[in-house]
Amino acid sequence: MKTRTSVFLILAAAGLAAQVLAQNSQTPQNTTPPRRPPPALHKVADNGLVRTPPMGWNSWNKFAEHVDDAAVRGMADAMASNGMKAVGYTYINIDDTWEAGRDADGNITSNQKFPDMKALADYVHGKGLKIGIYSSPGPKTCAGYEGSYGHEAQDAKTYAAWGFDYLKYDWCSAHTLYTDQEMQAVYQIMGDALLTTGRPIVFSLCQYGRDDVWKWGPDVGGNLWRTTDDINDTWKRMSTIGFSQNDLAAYASPGHWNDPDMLEIGNGGMTDDEYKTHMSLWSILAAPLLAGNDLRSMPHDILEILTNREVIAVNQDKLGKQGHRVAKSGDQEVWARELADGRYAVGLFNLANASASVTVKWSDVGIAATPTKARDLWAHHNFKLDGPEYTAVVPAHGVALLRIAK
Ligand code: GLA
């Protein structure tokens with residue numbers, strides 16, 4: 001968000017300077033293109049993709065504008081060989097700053113950091129992975145690069161021809177042309193364009209949860225939609241975002257996911273307990289698991305957090321039912337997610353700065369008969385339950401994540 005604001009300030013200053021120059025030299029101005037009226041609404045067909053939340057990696061959180069072809073290949077190499085691919089991570093997503101401009105025919109071109117997008121996509125596919133790209137419905141992206149405005153169908157075709165499998169589409173400068181209430185129609189243009197290519201391309205909406213996107217995201221062909229402004233690598237921001245998702249649970253379903261933003265696990269600003277909370281909460285929320293760290297140089301403890309199969313199984317549960325808060329007492333919260341096999345994932349979260357006891361009552365979770373068996377998904381051990389509740393001592397900012405059999 002900060003990035004976006006400062007980029008806009010820079011763009012605004014650059015725009016002003018360009019205007020002054022243009023007036024002085026009588027050369028044509030590089031102004032905002034004319035507004036096209038948004039199309040009438042219709043329902044874009046479901047593309048059938050990501051029946052469980054997408055898993056992968058995205059360049060933005062760690063690299064921002066310093067992402068290039070070599071880094072992307074390096075991430076694909078790492079994901080394919082370090083165990084991440086084996087537990088379900090699939091998408092290698094290039095975020096903003098790959099764009100150069102347009103050729104004489106209006107085709108989008110990549111800049112010198114990405115000399116050959118088709119070759120890069122082939123490389124990532126050769127590792128058994130998929131690849132994602134980024135654009136904006138506005139004339140410029142959030143970092144001020146070329147957006148898709150007026151070229152939506154052409155850009156979708158280019159992404160398909162290059163071999164891309166995923167598009168993150170970020171509102172940003174579209175706000176200079178359209179109101180929030182027009183977002184649905186504007187996103188529908190790209191939803192249609194992606195379907196028309198005939199290539200399966202996941203459609204990720206990024207407009208920071210404005211205009212109740214969860215109510216219309218599926219209608220524009222969206223597979224996931226950001227629900228908040230940007231995350232950053234701090235306990236404060238991650239926990240603020242994560243624990244504020246309760247009201248959106250009803251809007252998630254297979255192929256259509258609330259997206260509280262990408263993971264910060266391994267970027268260095270939080271403790272391992274805090275990163276376990278991040279991973280556990282995102283799994284209970286059925287949120288996309290898009291790692292945002294440098295996969296090429298990851299300490300073992302971070303890799304273990306990202307590749308915990310039992311936690312990932314909660315995230316990827318086929319029922320696709322997003323979990324919610326079932327109890328809160330001061331800084332202690334209990335969240336639960338119903339799983340396809342009739343079991344429950346239950347997170348006992350301690351948001352306090354010191355360790356504390358957290359208690360779950362089975363009646364709060366909605367389990368009628370008293371459960372007798374539990375498994376701790378971080379400690380990887382089974383234990384017996386006895387009675388109507390269970391109490392765990394949970395470290396500061398930590399979690400006990402349990403799977404409960406009825
Ligand atoms: C916005 C998005 C981020 C990232 C940047 C890129 O801030 O929310 O996730 O894509 O733009 O400029």
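Visitor: How far does a polar side-chain atom of aspartate 96 lie from an oxygen atom of the ligand?
Guide: The model is a predicted one. Aspartate 96 is among the closest of the 14 residues that surround the ligand. From a polar side-chain atom of aspartate 96 to an oxygen atom of the ligand, the distance is 2.9 Å.

Visitor: Which residues around the ligand are the closest?
Guide: The ligand is surrounded by 14 residues. Lysine 168 places a polar side-chain atom 2.8 Å from a ligand oxygen atom, and aspartate 170 places one at 2.9 Å. The closest residues are Asp95, Asp96, Lys168, Asp170 and Asp230.

Visitor: In what order do the eight strands of the open sheet come?
Guide: The pairing in this open sheet is parallel. Its edges are strand 9 (257-259) and strand 10 (289-291), each of which pairs on one side only. From one strand to the next, the twist averages 25°. The order is 9-8-7-6-5-2-1-10.

Visitor: Which residue of strand 6 is the bridge partner of serine 135?
Guide: Strand 5 covers residues 130-135 and strand 6 covers residues 166-170. These two strands pair in the parallel sense over four bridges. In strand 6, the partner of serine 135 is tyrosine 169.

Visitor: At about what angle does helix 6 run to strand 7?
Guide: Helix 6 spans residues 183-197, and strand 7 spans 202-206. The helix lies across strand 6 and strand 7. Its angle to strand 7 is about 165°.

Visitor: Are cysteine 142 and cysteine 172 buried or exposed?
Guide: A residue counts as buried under 20% relative accessible area and as exposed over 50%. By that cut-off, both cysteine 142 and cysteine 172 are buried.

Visitor: How far from cysteine 206 is the nearest cysteine sulfur?
Guide: Cysteine 206 is buried, and its relative accessible area is 1%. A disulfide needs two cysteine sulfur atoms within 2.5 Å, and cysteine 206 is in no disulfide. The nearest cysteine sulfur belongs to cysteine 142, at a distance of 6.4 Å.

Terms used: Residues numbered from 1 in each chain as written. Predicted model: local features only at pLDDT ≥ 70, side-chain atom pairs only at ≥ 80, totals over all residues. Heavy atoms only, no water. Pairing = 2+ DSSP bridges. Axes fitted to C-alpha atoms, helices over the stretch in contact; angles between N-to-C directions. Contact = heavy atoms within 4.5 Å. Buried < 20%, exposed > 50% of the residue type's maximum accessible area, 1.4 Å probe, protein only. Near = heavy atom within 4 Å. Polar contact = N/O pair within 3.5 Å; in protein donor to acceptor, adjacent residues only side chain to side chain.
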